[in-house]
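Hi,

Here is the structure I promised to send over.

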Amino acid sequence: MSALKDRLSDGLYGLGWATVKKLPEPVATGLGRRIADLAWKRRGKSVLRLESNLARVVPDATPERLAELSKAGMRSYMRYWMESFRLPTWTRERVERSVDIKGRHHLEEGLAAGRGVILALPHLANWDLAGVWVTRSLGVPFTTVAERLKPESLYDRFVAYRESLGMEVLPHTGGSAFGTLARRLRAGGLVCLVADRDLSASGIEVTFFGDTARMPAGPAILAQQTGALLLPVTLWYDDSAVMRGRIHPPVDLPGTGTRTDKTSVMTQDLADAFAAGIADHPEDWHMLQRLWLADLEERGDTTEDGAPGPSRSSTGREEDRQR
(Lines give C-alpha, C1' and ligand atoms only; values in the text may rest on other atoms or scores of the structure.)
Protein backbone atom coordinates (compact mmCIF):
# COMPACT_ATOMS: atom_id res chain seq x y z
CA MET A 1 0.00 0.00 0.00
CA SER A 2 2.85 2.35 0.87
CA ALA A 3 4.60 1.58 -2.42
CA LEU A 4 1.37 2.25 -4.32
CA LYS A 5 0.95 5.59 -2.55
CA ASP A 6 4.54 6.50 -3.41
CA ARG A 7 4.04 5.67 -7.09
CA LEU A 8 0.80 7.66 -7.13
CA SER A 9 2.48 10.70 -5.57
CA ASP A 10 5.36 10.50 -8.02
CA GLY A 11 2.95 10.14 -10.94
CA LEU A 12 0.85 13.12 -9.89
CA TYR A 13 3.87 15.38 -9.51
CA GLY A 14 5.22 14.18 -12.84
CA LEU A 15 1.87 14.94 -14.47
CA GLY A 16 1.91 18.43 -12.97
CA TRP A 17 5.37 19.24 -14.28
CA ALA A 18 4.58 17.78 -17.70
CA THR A 19 1.18 19.40 -18.28
CA VAL A 20 0.73 22.56 -16.20
CA LYS A 21 3.68 24.31 -17.83
CA LYS A 22 2.02 23.81 -21.23
CA LEU A 23 -1.28 25.42 -20.23
CA PRO A 24 -2.03 29.06 -21.02
CA GLU A 25 -1.25 31.06 -17.92
CA PRO A 26 -4.85 32.17 -17.20
CA VAL A 27 -5.95 28.54 -17.44
CA ALA A 28 -3.21 27.39 -15.06
CA THR A 29 -4.05 30.17 -12.61
CA GLY A 30 -7.75 29.32 -12.68
CA LEU A 31 -7.01 25.62 -12.27
CA GLY A 32 -4.87 26.27 -9.22
CA ARG A 33 -7.58 28.37 -7.61
CA ARG A 34 -10.24 25.74 -8.25
CA ILE A 35 -8.07 23.00 -6.74
CA ALA A 36 -7.35 25.20 -3.72
CA ASP A 37 -11.02 26.00 -3.15
CA LEU A 38 -12.00 22.33 -3.46
CA ALA A 39 -9.35 21.28 -0.95
CA TRP A 40 -10.45 24.04 1.41
CA LYS A 41 -14.11 22.98 1.22
CA ARG A 42 -13.20 19.38 2.05
CA ARG A 43 -11.83 20.55 5.44
CA GLY A 44 -9.17 17.85 5.48
CA LYS A 45 -6.37 17.50 8.03
CA SER A 46 -4.05 19.87 6.21
CA VAL A 47 -6.62 22.67 6.08
CA LEU A 48 -7.53 22.19 9.74
CA ARG A 49 -3.85 22.22 10.71
CA LEU A 50 -3.33 25.39 8.68
CA GLU A 51 -6.19 27.07 10.52
CA SER A 52 -4.81 25.90 13.86
CA ASN A 53 -1.43 27.39 13.02
CA LEU A 54 -3.00 30.62 11.79
CA ALA A 55 -4.93 30.89 15.07
CA ARG A 56 -1.55 31.31 16.80
CA VAL A 57 -0.42 33.91 14.29
CA VAL A 58 -3.68 35.89 14.51
CA PRO A 59 -4.88 35.11 18.05
CA ASP A 60 -7.77 37.58 18.01
CA ALA A 61 -9.22 36.26 14.75
CA THR A 62 -12.84 35.12 14.77
CA PRO A 63 -13.72 31.69 13.33
CA GLU A 64 -14.96 33.48 10.22
CA ARG A 65 -11.68 35.36 9.87
CA LEU A 66 -9.68 32.15 10.30
CA ALA A 67 -11.75 30.50 7.60
CA GLU A 68 -11.06 33.42 5.27
CA LEU A 69 -7.35 33.22 6.03
CA SER A 70 -7.17 29.48 5.47
CA LYS A 71 -9.03 29.79 2.16
CA ALA A 72 -6.62 32.51 1.06
CA GLY A 73 -3.77 30.35 2.36
CA MET A 74 -4.77 27.39 0.21
CA ARG A 75 -5.00 29.66 -2.82
CA SER A 76 -1.53 31.01 -2.05
CA TYR A 77 -0.26 27.46 -1.62
CA MET A 78 -1.62 26.37 -4.99
CA ARG A 79 -0.20 29.52 -6.59
CA TYR A 80 3.18 28.27 -5.36
CA TRP A 81 2.64 24.95 -7.12
CA MET A 82 1.31 26.41 -10.37
CA GLU A 83 4.28 28.79 -10.53
CA SER A 84 6.76 26.06 -9.65
CA PHE A 85 5.48 23.69 -12.32
CA ARG A 86 5.94 26.49 -14.88
CA LEU A 87 9.25 27.95 -13.65
CA PRO A 88 11.48 25.88 -15.99
CA THR A 89 9.90 27.69 -18.95
CA TRP A 90 10.29 31.22 -17.54
CA THR A 91 12.85 33.51 -19.15
CA ARG A 92 15.11 35.83 -17.21
CA GLU A 93 12.91 38.75 -18.25
CA ARG A 94 9.81 36.99 -16.98
CA VAL A 95 11.46 36.27 -13.64
CA GLU A 96 12.60 39.87 -13.27
CA ARG A 97 9.12 41.29 -13.81
CA SER A 98 7.58 38.69 -11.49
CA VAL A 99 9.76 39.35 -8.43
CA ASP A 100 10.35 42.54 -6.42
CA ILE A 101 12.84 42.14 -3.56
CA LYS A 102 13.70 44.96 -1.19
CA GLY A 103 16.98 45.04 0.70
CA ARG A 104 18.90 43.20 -2.02
CA HIS A 105 21.92 45.38 -1.22
CA HIS A 106 22.52 43.27 1.91
CA LEU A 107 23.09 40.25 -0.32
CA GLU A 108 25.02 42.06 -3.04
CA GLU A 109 27.33 43.88 -0.60
CA GLY A 110 28.07 40.70 1.32
CA LEU A 111 29.00 38.79 -1.82
CA ALA A 112 31.00 41.72 -3.22
CA ALA A 113 33.04 41.82 -0.01
CA GLY A 114 34.01 38.18 -0.54
CA ARG A 115 32.04 36.99 2.46
CA GLY A 116 29.82 34.01 2.22
CA VAL A 117 26.12 34.69 2.62
CA ILE A 118 23.37 32.50 4.10
CA LEU A 119 19.79 33.32 3.12
CA ALA A 120 17.35 31.79 5.62
CA LEU A 121 13.66 31.69 4.70
CA PRO A 122 10.39 30.50 6.21
CA HIS A 123 7.65 28.72 4.24
CA LEU A 124 6.34 32.02 2.85
CA ALA A 125 5.07 32.43 -0.74
CA ASN A 126 7.42 30.80 -3.29
CA TRP A 127 11.04 30.31 -2.29
CA ASP A 128 11.74 28.39 -5.52
CA LEU A 129 10.81 31.53 -7.47
CA ALA A 130 13.06 33.55 -5.15
CA GLY A 131 15.84 31.08 -5.90
CA VAL A 132 15.34 31.49 -9.65
CA TRP A 133 15.46 35.26 -9.18
CA VAL A 134 18.84 34.84 -7.47
CA THR A 135 20.30 32.56 -10.15
CA ARG A 136 18.83 34.21 -13.25
CA SER A 137 18.30 37.86 -12.38
CA LEU A 138 21.30 38.36 -10.09
CA GLY A 139 23.38 35.70 -11.85
CA VAL A 140 24.45 34.15 -8.53
CA PRO A 141 24.50 30.35 -8.10
CA PHE A 142 23.74 28.93 -4.68
CA THR A 143 23.80 25.71 -2.71
CA THR A 144 21.10 24.06 -0.62
CA VAL A 145 20.53 20.70 1.06
CA ALA A 146 17.94 17.95 0.66
CA GLU A 147 17.57 14.79 2.69
CA ARG A 148 16.92 11.65 0.69
CA LEU A 149 13.48 10.29 1.58
CA LYS A 150 10.97 7.97 -0.03
CA PRO A 151 9.78 7.82 -2.69
CA GLU A 152 13.22 7.92 -4.26
CA SER A 153 11.84 8.75 -7.70
CA LEU A 154 10.01 11.79 -6.37
CA TYR A 155 13.10 12.98 -4.52
CA ASP A 156 15.03 12.64 -7.79
CA ARG A 157 12.38 14.74 -9.55
CA PHE A 158 12.75 17.56 -7.04
CA VAL A 159 16.54 17.49 -7.21
CA ALA A 160 16.57 17.48 -11.02
CA TYR A 161 13.99 20.28 -11.06
CA ARG A 162 16.01 22.53 -8.77
CA GLU A 163 19.28 21.76 -10.49
CA SER A 164 17.66 22.78 -13.79
CA LEU A 165 16.94 26.15 -12.18
CA GLY A 166 20.61 26.69 -11.32
CA MET A 167 20.68 25.42 -7.75
CA GLU A 168 23.30 23.04 -6.35
CA VAL A 169 21.43 20.48 -4.25
CA LEU A 170 23.46 18.46 -1.73
CA PRO A 171 22.17 15.22 -0.22
CA HIS A 172 21.95 15.38 3.55
CA THR A 173 22.76 11.69 3.95
CA GLY A 174 26.36 10.71 4.55
CA GLY A 175 27.19 13.62 6.83
CA SER A 176 29.12 15.63 4.21
CA ALA A 177 26.57 18.36 3.48
CA PHE A 178 27.53 20.62 6.36
CA GLY A 179 31.21 20.52 5.43
CA THR A 180 30.43 21.29 1.79
CA LEU A 181 28.21 24.20 2.78
CA ALA A 182 30.99 25.56 4.97
CA ARG A 183 33.48 25.32 2.10
CA ARG A 184 31.09 27.12 -0.25
CA LEU A 185 30.68 29.91 2.29
CA ARG A 186 34.40 30.25 3.02
CA ALA A 187 34.93 30.61 -0.73
CA GLY A 188 32.51 33.55 -0.72
CA GLY A 189 29.51 31.59 -2.01
CA LEU A 190 25.80 31.68 -1.29
CA VAL A 191 23.77 29.14 0.68
CA CYS A 192 19.96 29.20 0.87
CA LEU A 193 18.05 27.29 3.57
CA VAL A 194 14.38 27.06 4.50
CA ALA A 195 14.60 27.34 8.26
CA ASP A 196 11.29 27.76 10.09
CA ARG A 197 10.66 24.12 11.03
CA ASP A 198 12.93 21.46 12.46
CA LEU A 199 11.64 18.52 14.44
CA SER A 200 14.99 16.79 14.85
CA ALA A 201 16.81 16.37 18.14
CA SER A 202 19.30 19.05 17.07
CA GLY A 203 16.66 21.75 16.61
CA ILE A 204 16.85 24.94 18.66
CA GLU A 205 13.88 25.86 20.81
CA VAL A 206 12.61 29.38 20.13
CA THR A 207 9.70 31.51 21.20
CA PHE A 208 7.44 31.86 18.17
CA PHE A 209 4.14 33.71 18.38
CA GLY A 210 4.12 33.31 22.14
CA ASP A 211 4.88 29.58 22.38
CA THR A 212 7.82 27.21 21.93
CA ALA A 213 8.76 25.82 18.54
CA ARG A 214 11.92 24.24 17.21
CA MET A 215 13.99 25.62 14.34
CA PRO A 216 17.20 24.34 12.73
CA ALA A 217 20.59 25.19 14.24
CA GLY A 218 22.40 24.94 10.90
CA PRO A 219 22.15 28.55 9.67
CA ALA A 220 23.49 30.03 12.93
CA ILE A 221 26.27 27.45 13.28
CA LEU A 222 27.40 27.92 9.69
CA ALA A 223 27.53 31.70 10.19
CA GLN A 224 29.64 31.29 13.32
CA GLN A 225 32.07 28.83 11.81
CA THR A 226 32.60 30.58 8.48
CA GLY A 227 32.07 34.26 9.18
CA ALA A 228 29.29 34.36 6.61
CA LEU A 229 26.46 36.87 6.81
CA LEU A 230 23.17 35.37 7.99
CA LEU A 231 20.30 37.19 6.27
CA PRO A 232 16.63 36.46 7.03
CA VAL A 233 14.33 36.68 4.02
CA THR A 234 10.55 37.03 3.99
CA LEU A 235 8.33 36.74 0.91
CA TRP A 236 4.70 37.49 0.16
CA TYR A 237 2.13 37.81 -2.59
CA ASP A 238 -0.10 40.80 -3.19
CA ASP A 239 -3.04 41.27 -5.55
CA SER A 240 -0.75 41.49 -8.58
CA ALA A 241 1.20 38.84 -10.48
CA VAL A 242 4.37 39.93 -8.69
CA MET A 243 5.86 38.20 -5.65
CA ARG A 244 7.29 40.68 -3.15
CA GLY A 245 10.06 40.09 -0.69
CA ARG A 246 12.54 41.58 1.72
CA ILE A 247 16.10 40.67 2.58
CA HIS A 248 16.50 41.75 6.20
CA PRO A 249 19.69 43.14 7.78
CA PRO A 250 22.24 40.56 8.96
CA VAL A 251 21.66 38.66 12.18
CA ASP A 252 24.28 39.82 14.67
CA LEU A 253 26.86 37.38 16.02
CA PRO A 254 26.81 37.71 19.84
CA GLY A 255 30.12 38.86 21.28
CA THR A 256 30.02 36.59 24.30
CA GLY A 257 28.74 33.19 25.30
CA THR A 258 29.32 29.61 24.29
CA ARG A 259 28.61 28.38 20.76
CA THR A 260 25.35 26.91 22.04
CA ASP A 261 24.38 30.24 23.60
CA LYS A 262 25.22 32.13 20.42
CA THR A 263 23.32 29.64 18.29
CA SER A 264 20.23 30.04 20.46
CA VAL A 265 20.35 33.84 20.31
CA MET A 266 20.87 33.92 16.54
CA THR A 267 18.14 31.36 15.87
CA GLN A 268 15.74 33.37 18.01
CA ASP A 269 16.62 36.46 15.96
CA LEU A 270 15.77 34.50 12.81
CA ALA A 271 12.50 33.39 14.36
CA ASP A 272 11.62 37.00 15.21
CA ALA A 273 12.28 38.14 11.63
CA PHE A 274 10.20 35.25 10.29
CA ALA A 275 7.38 36.06 12.71
CA ALA A 276 7.27 39.68 11.58
CA GLY A 277 6.93 38.64 7.94
CA ILE A 278 4.35 35.96 8.71
CA ALA A 279 2.28 38.33 10.86
CA ASP A 280 2.15 40.82 7.99
CA HIS A 281 1.11 38.15 5.45
CA PRO A 282 -0.31 35.15 7.33
CA GLU A 283 -2.20 33.87 4.29
CA ASP A 284 1.12 33.26 2.50
CA TRP A 285 2.61 31.06 5.24
CA HIS A 286 2.26 27.54 3.90
CA MET A 287 2.63 25.67 7.19
CA LEU A 288 0.25 22.74 6.87
CA GLN A 289 2.03 20.65 9.50
CA ARG A 290 2.42 20.71 13.26
CA LEU A 291 5.11 23.13 14.36
CA TRP A 292 4.76 24.11 18.02
CA LEU A 293 5.96 21.63 20.62
CA ALA A 294 2.64 21.78 22.47
CA ASP A 295 0.85 20.58 19.34
CA LEU A 296 3.34 17.76 18.91
CA GLU A 297 2.96 16.72 22.54
CA GLU A 298 -0.82 16.57 22.15
CA ARG A 299 -0.25 14.00 19.46
CA GLY A 300 2.28 12.17 21.63
CA ASP A 301 5.06 12.67 19.07
CA THR A 302 7.78 15.27 19.47
CA THR A 303 9.92 14.19 16.52
CA GLU A 304 7.67 13.92 13.46
CA ASP A 305 4.07 14.63 12.61
CA GLY A 306 3.50 12.04 9.93
CA ALA A 307 3.87 14.43 7.02
CA PRO A 308 7.33 13.77 5.57
CA GLY A 309 8.25 15.10 2.17
CA PRO A 310 10.67 14.42 -0.61
CA SER A 311 13.45 16.52 0.87
CA ARG A 312 13.99 17.50 4.47
CA SER A 313 17.03 18.20 6.59
CA SER A 314 18.06 19.41 10.01
CA THR A 315 20.45 21.75 8.21
CA GLY A 316 17.46 23.80 7.30
CA ARG A 317 16.06 22.70 3.94
CA GLU A 318 12.61 21.18 4.00
CA GLU A 319 10.13 20.23 1.32
CA ASP A 320 6.95 18.60 2.53
CA ARG A 321 4.96 16.38 0.23
CA GLN A 322 2.01 18.69 0.81
CA ARG A 323 4.16 21.76 -0.04
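**Cavities, pockets and helix contacts**

The lining of the largest cavity splits by class into 12 nonpolar residues, one polar and two charged. (Nonpolar here covers Ala, Val, Leu, Ile, Met, Phe, Trp, Tyr, Cys and Pro; charged is Asp, Glu, Lys and Arg; the others, Gly among them, are polar.) Before you go further: this is a predicted model, where local features need pLDDT of at least 70 and side-chain atom pairs count only at pLDDT 80 or more, while totals for chains, interfaces and linings use all residues. Residues are numbered from 1 along each chain as its sequence is written, and side-chain values use heavy atoms, with hydrogens and water left out.

Back to that cavity: it holds about 150 Å³ of space. Lining it are 15 residues, and those closest to its centre are Leu119, Leu121, Ala130, Gly131 and Val134. β2 (117–121) and α7 (127–137) each put at least two residues into this lining, with α7 giving the most, six residues. In total there are two cavities of 30 Å³ or more. A cavity is a set of points, on a 1 Å grid over the protein atoms alone, where a 1.4 Å probe fits but cannot get out; a pocket is an open set with protein on both sides within 12 Å along at least five of seven lines; and lining residues have an atom within 4 Å of a point. Points are joined across faces, edges and corners, and volume is the space filled by probe spheres set on them. Helices (H or I, at least four residues) and strands (E, at least two) are DSSP runs, numbered from the N terminus.

The second largest pocket has about 590 Å³ of space. Its lining takes in 23 residues, with Thr29, Arg33, Arg75, Arg79 and Ser240 nearest the centre. α2 (25–42) and α4 (63–86) are the elements that give two or more residues to it, and α4 has the largest share, eight residues. By class, this lining has 11 charged, eight nonpolar and four polar residues.

α2 and α4 also pack on each other, with axes 8 Å apart and an angle of about 140°. That makes α2 oblique to α4 (under 35 degrees is roughly parallel, over 145 roughly antiparallel, 65 to 115 roughly perpendicular, and the rest oblique). Axes are lines fitted to C-alpha atoms, for helices over the stretch in contact, and angles run from 0 to 180 degrees between N-to-C directions. Among the α2 residues in the contact (heavy atoms within 4.5 Å) are Arg33 and Trp40, and α4 brings residues including Arg75 and Met78. Nine nonpolar, six charged and two polar residues make up the contact of α2 with α4.

Further along, the axes of α9 (residues 177–186) and α10 (residues 218–226) come within 10 Å and cross at roughly 50°, so α9 is oblique to α10. Phe178, Leu181, Ala182, Leu185 and Arg186 of α9 meet Gly218, Ile221, Leu222, Gln225 and Thr226 of α10.

α10 packs on α11 (residues 259–280) as well, at about 125° with axes 8 Å apart. This crossing of α10 and α11 is right-handed.

Cheers

Technical notes. Left-handed = near helix turned anticlockwise from the far one by under 90°.
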